[in-house]
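Please open the model in your viewer and keep the selection tool at hand. The stops below are meant to be followed in order.

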Amino acid sequence: MSAKVSLRSNLHKIAPATLALLLHAIGASAEERPWSAHRPSITWTTDWFAYLDESTLGGGDQHLVRSDLQFLFEGVVGDHFNYSIVPQLRIDSGDHSESGFAFLEDGKRRPVATFREASLGWSSNAFELSIGKQIFNWGVADAWSPIDDLNPWDYLDVPTAERIGVPAISIYHLSEKFEIQGVWQPFFTPSRIPLPGIDSRWFPDPEGFSAPAMAFSQFTFQGRDLPATQLENSQFGLRLSSSVLLDGWDLGAVYYRGHQSAGVFKASPAGSAINAVLEYPRYQEFGLSFATVFGPWQVHGEGSYHDTDEEEMDDDYIEYIIGINRSFPDPPIPFVDEATMVIEYAGQEVTRAKSSDSPYFGSRQFLRPFADALVGSLTLSFSDDTELNLSASHDFADGGSYYGTDFSHKFSDHVKCSIACDFFAGPGNSFFGKWGKNDRLSVSLTVNM
Amino acid sequence: MLSLSSLTPLAVLALLAPAALGITGLEIMEERERRHERSFEESWVEMRLFDKKDRQRKSRVMVTWSMKEKTAGLDRRLIKFAAPADIRGTGLMLWEQPSSKEDDQWLYLPASKQVKRIAGSGKRNQFVGTDLAYEDLRPENLAAHDYAVTGETVLDGARCWIVTATPKTAREKKNSGYSKRVLYIRQDIYFTVKVEYYGRRGKLDKVATAEKLVKVAGRAWRSNLATVKRLKPGTKTVLIHQKRTLDRKIEASRFTQQGLRRPMAGR
């Protein structure tokens, strides 16, 4: 809590100072000067959220201010070496951040200072090696990816969920027909979820945790049981892909072995109460993906089989998503230059359910958001600088829905402003229903240089 | 198309007399390709965007790598943006396919770290707010167009053929944003110095001109300054070459999805 108070009290001092620095830099960047690839680029984003519901778990107010400053240093040295380093500073007026620096982001909250990425790479004609904190994305879908296991996620604010960088060694090889990439992660980094004491306006409903028949709020949270850092707990992924095996198709096969990053709760009686500990089941996953084009339609899909080692900890299941994208230049809509549409269907089949008396619960809360869902978005571009994005999702399995709009405008190459709203609906035991107190309006200002 | 290699190297035109001349439009285009296309090329281009009042409103710096694929001689091209910061790292990769097939295109967005295959219908869209369309970035597809010599002229003291290119294949007719392009090609060096683009309804949409021509290797020329002006909005994009490397081998892995993700080289 002290970190929270300290951040709040200093936010008003930090933000104007940062703003002054950035505005000065913008003025400087407007001057004619040679551009250098080694010059860092800087992105500063400040979001202001106004929640429509006054309820919060932590008793906070109805507003949240969040500020994020990122520096990007990247380039190539000589013929074979490259680097990508992204120092990041972030604060918020709530309690999503905690003071201090952390390279390995395994805390419950976001570190104020970290390296979002920091990696060195070496490449030759057929090989590439990169070492350091990295972010990977092997998925081809838009809404979410069943084969995307390499990075944990920050779910403290679900509409703006983001990948967390992990220390990893990646080896890539290109052959005539295939590309193969292996990634080894020696350290476990959990996803950040709204654990008790973190005010994310996330309200788990007792019915959502069917195994222990009592409200989640009645549990005494005993902490996280993170896998120990040892060789047998390390994680690795392998991807074989090809864009030439079948003309016009991107095909991929993925294998992953590691720990579920969001974890599952284990309930155990403690006198008249029940204790809950967050554990991280080990599993393996086999996945496939494709993407191709039929005329103006882009079609993509991916699916995976998730096999949990310890059967009582979680189900085994198949997840999949299939979707289409299309762009409409000059659509018959006034003032619209281009419309881009994405529609996806995401499904899930449980192949082996854990036993009904299992003490573990909660794996669907973050790991499996879509069981039978339609997800879509429509982006209307009025110009290169102004666009409106509409997005929606509905899960027929649990009745949960999400609706969002985002109107953004670039005042220049350096300044962008957006106004957005997010609405959640559904029963209290649905994935989005639990986020129902997050209905909100938000304003975001992004400065780049 | 107004390919970058012919755009940077664009060149400008001349107008003129009736055709005849004993050479066909296709022969001119083939000779043009033989002379100016190289196996490997890397170029750094600054794009300055001007509004209709001729005020510079934005600029972008992009890097393009291109290579001729070994077996069929098809073009592979990768474009990455180095500046401004809001699009830095954004990449586009194009694999030319035989005319009977759609070219492969992928877009990389650094914010999501995702490479997405994209459909060809976006070809006529504007390229990151410039006055160029995505299809202007493709290499000239000789098999997908008819080329007719429709005249001659003199531009900046240089005699030019006027070659009219019209889509030939059903795919090109459907996907291209142009009903025809009129190319002005210098007779002495077979270099395109001006292109007039006519929209699908047959009206002149935009004009591209190339200046500051330089001989870069053998019989190959390039332009160090090109201007693309769209007539209706009155906006223009000026492309200024900052650096160019020809014939230095570029790794094949550069033209893969992994290569699209890789950081770009410093200068």
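Begin by selecting Ile131(A), which has its place in strand E6 of chain A; helices (H or I, at least four residues) and strands (E, at least two) are DSSP runs, numbered from the N terminus. This is a predicted model, in which local features need pLDDT of at least 70 and side-chain atom pairs count only at pLDDT 80 or more, while totals for chains, interfaces and linings use all residues. Residues are numbered from 1 along each chain as its sequence is written, chains are lettered from A and ligands numbered from 1 in the order in which they are written, and side-chain values use heavy atoms, with hydrogens and water left out.

Ile131(A) counts as partly exposed because its relative accessibility is 44% (buried means under 20% relative accessible area, exposed over 50%, partly exposed in between, with a 1.4 Å probe and protein chains only).

## Helix H2 of chain B

Move to chain B and select residues 25-36, helix H2, whose 12 residues should span 16 Å at 1.5 Å a residue, in agreement with end C-alpha atoms that are 16 Å apart (the expected span is 1.5 Å times one less than the number of residues). Within H2(B), the residues Gly25(B), Ile28(B), Met29(B), Glu31(B), Arg32(B), Arg35(B) and His36(B) are buried. They cover an arc of only 165° around the axis, so they sit on the same side of H2(B); the arc is that of the directions from the helix axis to the C-beta atoms.

Stay on Glu31(B), which forms a salt bridge with Arg34(B), their closest N and O atoms being 3.1 Å apart (a salt bridge is a side-chain nitrogen of Lys or Arg within 4 Å of a carboxyl oxygen of Asp or Glu). The two residues are three apart in the helix, about one turn; Glu31(B) is buried at 13% relative accessible area, whereas Arg34(B) is exposed at 55%.

Next select Arg181(B) and Glu140(B), whose salt bridge has its closest N and O atoms 2.8 Å apart. This pair also links distant parts of the chain, with Arg181(B) in strand E9 and Glu140(B) in the loop between strand E6 (114-117) and strand E7 (145-155) of chain B, 41 residues apart.

## Last stop: a backbone detail

Finally, select Ala83(B) and Pro84(B), where the peptide bond is cis, with omega near 5°. Pro84(B) is found in the loop between strand E3 (75-83) and strand E4 (91-95) of chain B.
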